[in-house]
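Reader: I would like to learn how to read a few local features of a protein model. Please show me the structure before we start.

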Amino acid sequence: MKLPSKVKLVDVGPRDGLQNEKEMVPAEVKINLVHMLQDAGLREIEVTSFVSPKWVPQMADNAQVMAGIRRKPGVRYSVLVPNMKGFEAAVESKPDEIVVFGAASEAFSQRNINCSIAESMERFAPVVEAARKRNIHVRGAISTAVGCPYEGDIAPERVELVARLMKEIGVQHCGVADTIGVGTGKKVQRAMEAALKHYDIDDISGHFHDTYGQALANTMACLEMGIWQFDSSCAGLGGCPYAKGATGNVATEDVVYMLNGLGIETGIDLDKLVDAGAYISAQLGRKPNSRASVALLNRRA
Ligand code: HMG
Ligand code: MG
């Protein structure tokens, strides 16, 4: 078994992590979090989303947050964009990358973005074209790639279909997401294999919510396939407003701890990352949802 020698982590905490918080998190706090993550060595940060503020009020300060960030050379700042209206707003904030987000389940597509899978591709196509014309990198996310809160198990063929549709409209990178954290190693590998039919291994990433405590194991299952890019969320923040009961993303701290132990390079300073997770957790009035972070904080005390 040959594991990758390096891994790129995208911290989605400021976006996925905070989008579901009921209490408004001040823009200043979100900006501080981005700064702490980049100081910890994260090279890609998903900052916010340009979606309807009626649907996701927590992201209504998207432009303010993007404008407040002190950009660090070499860091890619990404934002979610569901349609042309979102793209036009996002572009003012000069993101390095946009993320269009579809789903492998029809029911989830309807609940999350209020349209079918086919309609979502029609909406994404002009967005992708406009982004690529401006040299903005385009990532696609395939939600509910192993299980859906409304439809149950999702067959790998569904993932393959959405990966193909995304490829056809020019999406450059395919993120395979276990939105509700129900996947286990083999199921996740099947979903990844389906996406790999249309995307190169260097253009694929995993996005695992940790609802059933499987996200680290699922990350390991992907590493065994040679997949080397993952989304994660500092302090295990996160959840989707349209996936009730689903918990946060796998904690970046836990992934970095595991990768350090495996001798896999991330470029991330775990101590500084723990500080970032502790900061945002304190702001939210809770403990970090990361076993590695809690252990390291206890050791410090
Ligand atoms: P819609 O209602 O179908 O859109 O929403 P519409 O085009 O009919 O427009 C209705 C209203 O929304 C209009 O305003 C538009 O201007 C406005 P009104 O005339 O009523 O005042 N509108 C917008 N406003 C701001 N920004 C926009 C925008 N578009 C329309 N971009 C829409 C469609 C997609 C906008 C809506 O369903 C929405 O915002 N959904 C939120 C989706 C979301 O953010 N979900 C969470 C992120 S995805 C996720 O977490 C999963 C992921 O982590 C991977 C995983 O774990 O699975 C990525
Ligand atoms: Mg997510």
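**Reading the contacts**

Author: The structure holds two aromatic pairs. Rings of Phe, Tyr and Trp (its six-membered ring) pair if their centres lie within 6.5 Å; planes under 30 degrees apart count as stacked, over 60 as edge-to-face and the rest as tilted. The rings of F108 and Y150 are one case: the centres are 6.5 Å apart and the planes at 25°, so this pair is stacked. The partners come from distant parts of the chain, 42 residues apart. F108 sits in helix α5 (residues 106-113), and Y150 in the loop between β6 (147-148) and β7 (152-153).

Reader: What kind of model is this, and how are residues and chains labelled?

Author: This is a predicted model: local features need pLDDT of at least 70, side-chain atom pairs count only at pLDDT 80 or more, and totals for chains, interfaces and linings use all residues. Residues are numbered from 1 along each chain as its sequence is written, chains are lettered from A and ligands numbered from 1 in the order in which they are written, and side-chain values use heavy atoms, with hydrogens and water left out.

Reader: How are helices and strands assigned?

Author: They are DSSP runs, numbered from the N terminus: helices are H or I with at least four residues, strands are E with at least two.

Reader: Are F108 and Y150 buried, partly exposed or exposed?

Author: Cut-offs come before the case. Buried means under 20% relative accessible area, exposed over 50%, and partly exposed in between (1.4 Å probe, protein chains only). The areas come from the Shrake-Rupley method with a 1.4 Å probe; for residues, only the protein chains shown count as cover. F108 has a relative accessible area of 1%, so F108 is buried. Y150, at 32%, is partly exposed.

Reader: What is a salt bridge, and how many does the structure hold?

Author: A salt bridge is a side-chain nitrogen of Lys or Arg within 4 Å of a carboxyl oxygen of Asp or Glu. The structure holds 18 of them. In one, the side chains of E46 and R139 meet at 3.0 Å, N to O. E46 lies in strand β2 and R139 in strand β5 (residues 137-143), so this bridge ties together parts that are 93 residues apart in sequence. Both E46 and R139 are buried.

Reader: Which strands do R76 and E97 lie in?

Author: R76 is in strand β3 (residues 76-80) and E97 in strand β4 (residues 97-103), 21 residues apart. Their side chains form a salt bridge at 3.1 Å, N to O. R76 is partly exposed, with a relative accessible area of 27%. E97 is buried, at 1%.

Reader: Which residues are linked with these in a network?

Author: The network of salt bridges links K8, R15, D16, E44, E46, R76, E97, R139 and D231.

Reader: Which residues make the patch of negative charge on the surface?

Author: Patches are made of residues with over 30% relative accessible area and no salt bridge: like charges are joined within 9 Å, nonpolar side chains (Val, Leu, Ile, Met, Phe, Trp, Tyr) within 5 Å. Lys and Arg count as positive, Asp and Glu as negative; His and the chain ends are not counted. A charge is placed at NZ of Lys, CZ of Arg, CG of Asp or CD of Glu. Here E106, E119, E122 and E151 gather in the negative patch. E122 belongs to helix α6 (residues 117-133). E122 is exposed, at 61% relative accessible area.
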